[in-house]
Amino acid sequence: MTIAIQGIGVSSGIRTAIGKVLMLSRGSIQAEPGMVPASEVEAEVQRFFDAVQTAAKQLTEIRKEIPADTPPDILEFIDTHLLMLQDKAIAEAPAQTIRDEGCSAEWALQLRRDQLLRVFEDMEDAYLRTRKDDLDHVVNRIMAILQGEGRKEPVEIAGHIMVSEDLTPADIITLHHKGASGFITDFGSPMSHTAILAASLGIPAVVGAHGASSHLHSGELVILDAANGTVLADCASESIRFFEQRLHRERERRNALQTLRDTPAVTRDGERIELQANIELPEDVEEVRNQGGDGIGLYRTEFLYMNRDQLPTEDEHYLAYRQVIEGMDGRPVTIRTLDLGADKQCEHQPEPAACINPALGLRAIRLCLKETDIFRVQIRAILRASAHGSVRLMIPMLTNLWEARQAREIIDMEMHSLGEQRIAMDETLPIGAMIETPAAALTADAFAQMFDFLSIGTNDLIQYTLAVDRADDSVNHLYDPLHPAVLKLIRYILEAGRRCRKPVAMCGEMAGDPRYTPLLLGLGLRTLSMHPASLPEVKQLIRKLDLEQLTERVDKLLRDPSAYDLAGPVEALAD
Ligand code: PEP
Ligand code: MG
């Protein structure tokens with residue numbers, strides 16, 4: 001009988017993987033208490049030091065294998081582990097315990113790990129929580145060497161689907177190099193670095209697949225369906241054939257879509273639709289160009305702040321933005337100001353991350369208006385970068401107009417100060433507001449009047465309208481982009497844009513989902529921003545649509561007050 005394990009799919013492009021499982025043990029490796037005779041204590045100490053050295057060598061090797069274009073934050077992640085291996089608390093304290101207690105190296109290391117973990121646990125702070133995971137990874141590596149496994153990866157990785165409780169970015173890079181065709185993890189969210197890296201390397205993954213590592217076993221054939229976030233095991237041959245065909249079709253379709261790269265997204269009746277891309281890292285620009293993006297509709301800058309001990313300097317911001325802007329060669333680049341908080345935490349977040357409800361807490365612009373020094377650094381960098389191309393600045397998570405006013409005041413002040421210093425910038429750079437709370441949506445006219453453009457962030461707009469935490473997979477079934485309340489808000493925002501003659505784009509996941517493309521065009525959207533890999537498919541569909549007809553049909557559909565279950569009618573719009 002087929003076993004189905006539900007998780008959260010992560011993919012960009014190819015969404016299917018079929019292959020044999022390889023289990024990777026990534027849980028804490030436990031040691032048994034053990035003593036050594038007094039005459040062997042020094043040899044045991046040496047065995048411990050050797051294991052630490054071997055662990056460092058392994059990590060250095062992994063680091064060397066990382067391609068040059070890997071985001072710097074991933075390198076920093078491995079460097080952190082290397083630094084931990086030099087830290088006395090890990091690299092030397094257990095040696096003292098071996099001498100004092102006459103115990104085995106494994107037991108001394110375990111005692112040390114437990115001691116350090118207790119300290120971290122008492123400190124409930126996001127930064128220290130991530131350090132706790134790092135500590136576990138580093139200690140596991142030494143422990144495995146001591147226990148003689150040497151953390152050898154299975155020899156034949158190519159074509160296999162890796163299953164583990166959790167994976168680190170370093171694991172993903174190594175396994176990708178060795179040809180792994182997919183990843184399944186018990187834990188993790190699509191926002192984790194691991195998931196982001198898997199998506200950016202184009203490897204389909206299912207994360208948060210609770211129980212996968214205990215239900216699956218090495219050698220069995222599984223189907224990884226990242227489109228639905230499902231893992232299927234023990235499948236009937238018909239299911240396997242179905243997914244093999246799907247994979248084949250996905251590959252063929254992607255190859256065929258490449259021919260559309262330089263073709264504009266124009267509807268059958270001649271309307272040009274702007275298809276832009278969402279990016280997280282400057283390195284993503286290459287993919288945007290490969291997929292023929294018309295610009296960057298959302299540059300999520302918070303990844304600049306992650307996996308590092310210090311805040312990024314103004315120059316670091318500036319150089320990253322400049323790289324994106326120059327890479328886009330004159331096409332517009334929309335840089336969104338810092339959106340940390342909720343499911344995106346970083347080490348130096350000034351407020352305790354374990355706040356009561358992070359999704360409703362000090363997030364995005366709220367955080368920036370509290371920590372204005374951090375905000376100002378970024379604003380200055382964006383303004384400086386605007387001298388190099390077509391830059392637009394965008395503010396996330398607005399709920400009140402006074403927040404917008406305060407943010408604009410800070411921008412004006414920084415503009416003024418740069419002007420006084422005769423630093424080049426685009427003084428007319430458009431400034432936009434993300435509309436992603438119901439409050440902002442229902443007062444969209446006020447925001448449209450104050451800003452040069454609006455962009456609808458459906459990921460959050462849906463979360464806040466339907467009271468469904470977007471990071472909580474237990475309420476995922478309630479997360480419905482077609483809920484009439486959501487559609488009414490989108491419609492209202494678009495009307496406000498029209499009334500105030502301001503352009504309105506959409507940059508949430510909904511914008512890149514071809515199921516919703518006819519609906520969004522019919523509603524009046526003319527600029528959609530999405531994951532780069534989604535661009536060709538959406539473009540292909542747009543070229544088949546008749547806008548005039550769609551506008552009428554959508555209008556009729558949404559004017560019917562009894563229309564509630566809209567999935568069917570919305571699907572029919574593509575016909
Ligand atoms: C959104 O909320 O729709 C959005 C695009 O922003 P993020 O996903 O980064 O919160
Ligand atoms: Mg958002």
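Ala, Val, Leu, Ile, Met, Phe, Trp, Tyr, Cys and Pro count here as nonpolar, Asp, Glu, Lys and Arg as charged, and the others, Gly among them, as polar. By that scheme, the shell around ligand 1 holds eight charged, four polar and three nonpolar residues. The model is predicted, so local features need pLDDT of at least 70 and side-chain atom pairs count only at pLDDT 80 or more, while totals for chains, interfaces and linings use all residues. Residues are numbered from 1 along each chain as its sequence is written, chains are lettered from A and ligands numbered from 1 in written order, and side-chain values use heavy atoms, without hydrogens and water.

**Ligand 1**
- Ligand 1 is surrounded by 15 residues (a heavy atom within 4 Å), with Arg300, Glu436, Gly457, Asn459 and Arg470 the closest.
- Oxygen atoms of ligand 1 lie 2.9 Å from a polar side-chain atom of Arg336, 2.9 Å from a side-chain N or O atom of Glu436 and 3.4 Å from a backbone N or O atom of Gly457.
- The protein buries 100% of the 290 Å² that ligand 1 exposes when taken alone (Shrake-Rupley method, 1.4 Å probe).
- Two or more shell residues come from each of β10 (296-300) and α18 (458-466) (DSSP runs: helices, H or I, at least four residues; strands, E, at least two); α18 gives the most, with three.

**Helix packing**
- Helices α12 (residues 314-327) and α14 (residues 372-385) pack at about 35°, their axes 8 Å apart (lines fitted to C-alpha atoms over the stretch in contact, angles from 0 to 180 degrees between N-to-C directions).
- Their contact (heavy atoms within 4.5 Å) includes Tyr318 and Tyr321 of α12 and Val377 and Ile382 of α14.
- By class, this contact has seven nonpolar, two polar and five charged residues.

Technical notes
Polar contact = N/O pair within 3.5 Å; in protein donor to acceptor, adjacent residues only side chain to side chain.
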